[in-house]
Amino acid sequence: MCLAVPALVISVTDPSRALALSDSGGIRREIDLSCVLGEGPPEMLVGRWVLVHVGVALALISDEEARASLALWAELDDGERQ
Amino acid sequence: MKYVDEFRDPQVVQRMVCEIAATAARLPPRSQPWQLMEVCGGHTHAIFRFGLDRLLPDCVEFVHGPGCPVCVLPESVIDQAVALSQRPDTLLCSYGDAVRVPGTGGSLLDARADGAGVEVVYGPRDALELARRRPASDVVFLAIGFETTAPATALALQTARREGLRNFRVLCHLVLIEPPLRALLSDPELRIDGFLGPGHVSLVTGTRPFDFIPAEYRRPVVISGFEPVDLLQSVWMLLRQLEQDEARVELQYRRAASTAGNRTARAAIDEVFEPAPATEWRGLGALPHSGLRLAPEYRAFDAAELLTCTAPVPAETDPRCGCAKVLSGHMKPPVCPLFGRECTPASPRGPLMVSSEGACAAWYQYRQETADARR
Ligand code: SF4
């Protein structure tokens, strides 16, 4: 029940309430971006991936960190890892 | 899908399994396996779904923790929700899992079959929308969940207050992750060597609720994501700490979680809720300051006020029911005498069989099939 799923922010549907349309594996839903807004307007998040739980985006996904965590296992041979 | 498929890459998984075996082989030998508790039900589900427990060396095993909000829901809360759903012109809304949890007189779905107003929603904002569309009904949202889920309910209540919606109410049973972990760690019979921390709770809380585990109990914690690569990497990180005799909180789920968590989400929680003096947990009893209730400015939205009788009915549990022992890591699900016989996902006797994140349902779904196929 506490699962959050990655979703791509497609477009802002209600800027005053920070609501946006998102796509998660083909499922489109309206989500609340207010917890991940930061300084800028919600439009700045279009094209970003977020983690959504029961309709609320709780975190932005860092592509850099995602790649770093995979690279650790993709590039090194066994035994070289420290 | 991005951020899902690449974290299921079989080649990466294979490499990790080798590395885990190598690290485990370097641990000091002992008679019992090293026990790693996955705190979150989402982790339990992923471990069974992908068979990750079978990829671990014999000397390492998973113990399923109390982090499934559906599983720890006491019968009295379901009974209150059922009572509300039976009021005239009332619509009780909650998550799909919550409506299936058995109370003393059946679940919310049973109540709906008998004519009560019960509706499954995806989240609290949908319940709010129902309240707007049905001004003549009382729309009650049964709010359950840990810190991950609390922000959505807080945001819905802030909106309801702003809009002056008078027919929206919340029956609040939101809980906190730290108190049940403290309760488990203070149990002298339980021997957990390390913890896989709940990545999605940490999106909100950051690492703070887990700091006491290494500090006071000298056990390592790794905050983990939910895909096979995440969980195996976290196991490896825990074994590395054990190998080096270290105990600290590490973050594996770096692509989303951070030490600080989400301050905006926490601010919403702090505005709308306050700690309740004590909250009842299935399997763990009443734990002080372990749950949230509506803050004074939001009391008008408290659905408990609509209840005519608030005294909880003492739960009559089947003495054979093993829920409490499974929840506290003392017993594996199939050892429960009701497992797979009287208690199945189609007709659950205990909440651990309701949610797909419950340890019993996960065992039943992913291990019962194997058992049947061999017959
Ligand atoms: S099998 Fe059913 S009764 Fe037994 S522990 Fe699991 S959920 Fe509880």
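Visitor: What do the side chains of B:Arg208 and B:Glu178 meet in?
Guide: B:Arg208 and B:Glu178 meet in a salt bridge, at 3.7 Å from N to O. The two are 30 residues apart and link distant parts of the chain, with B:Arg208 in the loop between α8 (199–205) and α9 (212–217) of chain B and B:Glu178 in helix α7 (residues 178–185) of chain B. A salt bridge here is a side-chain nitrogen of Lys or Arg within 4 Å of a carboxyl oxygen of Asp or Glu. Helices (H or I, at least four residues) and strands (E, at least two) are DSSP runs, numbered from the N terminus.

Visitor: What should I know about the model before going on?
Guide: It's a predicted model, in which local features need pLDDT of at least 70 and side-chain atom pairs count only at pLDDT 80 or more, while totals for chains, interfaces and linings use all residues. Residues are numbered from 1 along each chain as its sequence is written, chains are lettered from A and ligands numbered from 1 in the order in which they are written, and side-chain values use heavy atoms, with hydrogens and water left out.

Visitor: Back to B:Arg208, then. Is it buried or exposed?
Guide: B:Arg208 is exposed, with a relative accessible area of 52%. The cut-offs, with a 1.4 Å probe and protein chains only, are under 20% for buried, over 50% for exposed, and partly exposed in between.

Visitor: What about B:Arg191 and B:Asp193, how far is N from O?
Guide: Their salt bridge is 2.4 Å, N to O. B:Asp193 counts as buried at 3% relative accessibility, whereas B:Arg191 is partly exposed at 37%. Elsewhere, salt bridges that share partners join B:Glu129, B:Arg132, B:Arg133 and B:Glu163 into one network.

Visitor: Switching to the interface. How much area do chain A and chain B bury between them?
Guide: About 3900 Å², with 64% of it on carbon and sulfur atoms. Buried area is the accessible area (1.4 Å probe) that two parts lose on being put together, summed over both. Counting contact as heavy atoms within 4.5 Å, 40 residues of chain A are in contact with 48 residues of chain B.

Visitor: Which side chains meet in a salt bridge there?
Guide: B:Lys2 and A:Asp63 do, at 3.3 Å from N to O, and the rule finds 1 salt bridge across this interface. A polar contact is a pair of N or O atoms within 3.5 Å; within protein, one must be able to donate a hydrogen and the other to accept it, and residues adjacent in sequence count only if both atoms are side-chain atoms. Across the interface there are 11 residue pairs in polar contact, both residues at pLDDT 80 or more.

Visitor: Where does the charged end of A:Arg29 sit?
Guide: Over the ring of B:Tyr122, 3.5 Å from its centre. Sitting over a ring needs NZ of Lys or CZ of Arg within 6 Å of the ring centre and within 35 degrees of the ring normal. B:Arg255 lies over the face of B:Phe7 at 3.7 Å from the ring centre.

Visitor: Last one: where is B:His43, and what does it touch?
Guide: B:His43 is in helix α2 (residues 41–49) of chain B and counts as buried at 0% relative accessibility. Leaving out residues up to four places away in sequence, B:His43 touches several others, among them B:Glu38, B:Leu196, B:Ser224 and B:Phe226.
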